[in-house]
Amino acid sequence: MESGFEPKILFKSSQWDFMSEMVAANLGVTILPESICNRVMNKRIRIIELIPITPWNLALITKKDKYLSYAGRTFIDYISKHSSSRIGYNLKL
């Protein structure tokens, strides 16, 4: 890595409550979004803000050549119009 530090990752999980309990048990560290950190209510955990803030890159995914409801298409149109980045999708209507 650029900083000269290479983390030794032994376990990965998508269960934020499990990860925070592992940290509380002094079994490692974790990186979580601020919205999740705000929900962690454990006095044994210290939350440190990372600077610079790492932006999330999100994507909308639909199954190719399958029915997409009117509500789904409307949602994608809304996100496309109100997003700072371009979102593209291909619908066969």
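Author: From the N terminus on, the elements run α-α-α, and the secondary structure comes to three helices and zero strands. Helices (H or I, at least four residues) and strands (E, at least two) are DSSP runs, numbered from the N terminus. This is a predicted model, in which local features need pLDDT of at least 70 and side-chain atom pairs count only at pLDDT 80 or more, while totals for chains, interfaces and linings use all residues. Residues are numbered from 1 along each chain, and side-chain values use heavy atoms, with hydrogens and water left out.

Reader: Why is Leu10 called exposed?

Author: Buried means under 20% relative accessible area, exposed over 50%, and partly exposed in between (1.4 Å probe, protein chains only). Leu10 has a relative accessible area of 73%, and therefore counts as exposed. Leu10 lies in the segment before helix 1.

Reader: Which residues of helix 1 are buried, and what puts them on the same side?

Author: In helix 1 (residues 16-24), Met19, Ser20 and Ala24 are buried. They cover an arc of only 145° around the axis, which puts them on the same side of helix 1. The arc is that of the directions from the helix axis to the C-beta atoms. Of the 93 residues of the protein, 13% count as buried.

Reader: What makes the pair of Arg44 and Glu21 a salt bridge?

Author: A salt bridge is a side-chain nitrogen of Lys or Arg within 4 Å of a carboxyl oxygen of Asp or Glu. The closest N and O atoms of Arg44 and Glu21 are 3.8 Å apart, so the pair meets the definition. Arg44 lies in the loop between helix 2 (34-37) and helix 3, and Glu21 in helix 1, so the pair ties together parts that are 23 residues apart in sequence. The structure holds one salt bridge.

Reader: How exposed are the two partners, Arg44 and Glu21?

Author: Arg44, at 57% relative accessibility, counts as exposed, whereas Glu21, at 42%, counts as partly exposed.
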